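Please take me through this structure selection by selection, telling me at each stop what to highlight in the viewer and what is to be found there.

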Amino acid sequence: MSDLFARHRAVIPNWVGTNYSEPIEIVSGKGCRVTDAQGNSYLDFFAGILTNMLGYDVAEVREAVERQIATGIYHTSTLYLIRSQVELAEKIAGISGIPDAKVFFTNSGSEANETALAAALTHRKANQVLAMRNSYHGRTFGTVAITGNANWKASSNDPFGTHYLHGTDRQLSAYRTLSDADFIKACAEDLRQLLAAGINPADVGALIAEPIQGVGGFNVPPDGMLGAFKEVLDEYGILFVADEVQTGWGRTGEHFWGISAHGITPDAMTFAKGLGNGFAIGGVVARGDLLDGIRGNGISTFGGNPVATAAGNATLDYVLSHDLQRNAKVTGDLIIGGLREAAQSLDVVGAVRGKGLMFAVDLVDPATRQPSPPLASRMLEATKERGLLIGKGGLVGHTLRMAPPLTLTEAEAKEGLGILTDALTAVNEEASKP
Ligand code: PMP
């Protein structure tokens with residue numbers, strides 16, 4: 001064990017997990033590549049959990065932040081006007097598609113979701129929330145309550161009543177064989193039945209859902225499913241909150257917001273991770289009347305500070321002016337197509353999923369076809385040995401998650417695909433030995 005790892009273990013809580021039997025310390029980065037303290041270089045297909053959205057050392061972001069720092073002002077608080085915050089809010093409100101939108105900035109996705117819940121529950125004078133099984137929405141009490149993955153729940157306290165819907169659990173025998181259309185129908189019917197029999201719809205504030213589940217293993221519901229849910233919710237005035245913390249900003253390639261694959265405009269969207277390209281920023285964009293309706297005075301001391309919003313403006317401008325959504329589609333299709341092809345002769349691959357630069361591979365035991373967390377861990381080591389950083393997730397931890405910077409070049413996409421295929425082939429050989 002390295003000295004730094006031993007010191008980490010001694011002072012950082014045990015539940016803060018690290019990747020690899022020997023975790024690495026990333027000390028520098030440029031473009032889509034990083035270098036560790038030992039001088040090893042890696043192509044980065046996880047980007048600080050989808051957060052270094054443009055990659056590393058991007059001049060436009062660095063210079064915007066440096067310009068702000070040179071003024072001597074890193075923080076003023078929202079007691080004073082913050083030009084970069086107003087500008088960023090205007091841009092996000094504009095591209096959200098939400099009518100008369102306003103934006104509240106936070107420091108994290110968890111706080112963003114808390115704010116969306118407060119807005120929805122206040123507006124509806126309600127105390128019940130709908131969420132999806134296998135979801136992840138954060139680590140505060142409210143967001144833990146709506147997280148449908150017990151492995152990520154620090155507490156079973158629930159400040160509201162949370163009800164978990166079907167729709168992200170297609171592996172169940174009741175659903176496995178259904179067509180997309182029948183699956184959507186069955187899940188929408190289940191929602192309707194819950195509202196008819198289980199809870200009073202007047203008590204329900206909102207459904208919150210990730211358009212593609214992130215921590216849950218890049219679990220992709222069939223296109224249109226969340227739209228079918230919204231149709232039911234609309235009958236009762238229940239609001240829809242899309243958690244775009246992982247799926248926003250064009251990452252899925254086909255749309256700028258993940259929720260657009262479901263043909264709807266939500267009442268609110270939450271975001272965080274990639275917007276600051278590594279600087280801490282999150283927020284909620286929602287109908288102005290919803291955000292205005294939150295009771296009492298409100299402030300986030302650091303939320304939307306001048307440095308984070310300078311980074312946010314520069315990052316968002318870069319995404320839009322370089323059409324990175326299109327790049328996500330082209331490079332994502334290349335990798336996902338390549339993985340699907342490779343998977344045909346690899347028994348350890350249970351499934352290849354994803355959209356754009358958000359793609360996953362499930363690892364299964366070749367003999368039993370059951371999910372195999374140990375093989376996923378083996379794959380993490382095998383890709384690291386070959387110079388590629390990837391992530392892991394899924395309900396039982398058998399899913400490899402990949403989300404490279406949106407600036408990934410086609411050459412880097414091919415290089416990463418080559419490493420993934422090579423590592424999968426090696427792990428497949430090991431696992432298939434009698
Ligand atoms: N929502 C989703 C979909 C997430 O993936 C995450 C973080 N993994 C969060 C919310 C919480 O964000 P944060 O860690 O910034 O609080």
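The tour below moves from the ligand to the sheets and then to the helix pairs.

The model is predicted, so local features are reported only where pLDDT is at least 70 and side-chain atom pairs only at pLDDT 80 or more, while totals for chains, interfaces and linings use all residues. Residue numbers start from 1 along each chain as its sequence is written.

**The ligand shell**

Begin by selecting the ligand and the 15 residues that surround it, of which the closest are S108, G109, S110, G214 and V245; a residue counts as near if its C-beta atom, placed from the backbone, lies within 6 Å of the molecule. The shell comprises four nonpolar, nine polar and two charged residues, where Ala, Val, Leu, Ile, Met, Phe, Trp, Tyr, Cys and Pro are classed as nonpolar, Asp, Glu, Lys and Arg as charged, and the others, Gly among them, as polar. Next highlight helix α5, residues 109–124, which gives the most to this shell, with three residues. Helices (H or I, at least four residues) and strands (E, at least two) are DSSP runs numbered from the N terminus.

**The seven-stranded sheet**

Now colour the strands in the order β4-β10-β9-β8-β7-β5-β6, which form an open sheet of seven strands with mixed pairing; two strands are taken to pair if DSSP finds at least two bridges between them. At the edges stand β4 (101–106) and β6 (161–165), each with a single partner strand, so one side of each has no neighbour in the sheet. From one strand to the next, the twist averages 20 degrees, with angles running from 0 to 180 degrees between N-to-C directions and axes fitted as lines to C-alpha atoms, for helices over the stretch in contact.

Within this sheet, zoom in on β8 (residues 239–243) and β9 (residues 268–271), which pair in the parallel sense over three bridges, and pick out D243, which stands opposite T270 in β9.

**Helices α7 and α8**

Select α7 (residues 180–198) together with α8 (residues 225–236), whose axes come within 9 Å and cross at roughly 25 degrees. That angle makes α7 roughly parallel to α8, a label given to angles under 35 degrees, while those over 145 count as roughly antiparallel, 65 to 115 as roughly perpendicular and the rest as oblique. Showing side chains, you will find I184, C187, A188, L191, R192 and L195 of α7 in contact with M225, A228, F229, V232 and Y236 of α8. By class, this contact has ten nonpolar, no polar and one charged residues.

Move on to β11-β12-β15-β14, the strand order of an open sheet of four strands with antiparallel pairing. The edge strands are β11 (349–355) and β14 (391–393), each pairing on one side only, and the twist averages 25 degrees from one strand to the next. Three bridges join β14 to the antiparallel strand β15 (residues 399–402), where T399 stands opposite G393. Helix α11 packs on this sheet, touching β11 and β12 (358–363), and its direction makes about 165 degrees with that of β11.

In α11, T331, L334, I335, G338, L339 and A342 meet E410, A413, G416, L417, L420, T421 and L424 of α13, a contact of eight nonpolar, four polar and one charged residues.

**Last stops**

Select α3 (residues 59–70) and α10 (residues 306–321), whose axes come within 8 Å and cross at roughly 155 degrees, so that these helices are roughly antiparallel to each other. The residues of their contact divide into ten nonpolar, three polar and one charged.

Finish at the hairpin of β1 and β2, which has two residues between its strands and, in the turn, G31 with a positive phi of about 60 degrees. Strands β1 (residues 26–30) and β2 (residues 33–36) pair in the antiparallel sense over four bridges, and the bridge partner of S28 is T35 in β2.

Definitions and conventions. Contact = placed C-beta atoms within 7 Å.
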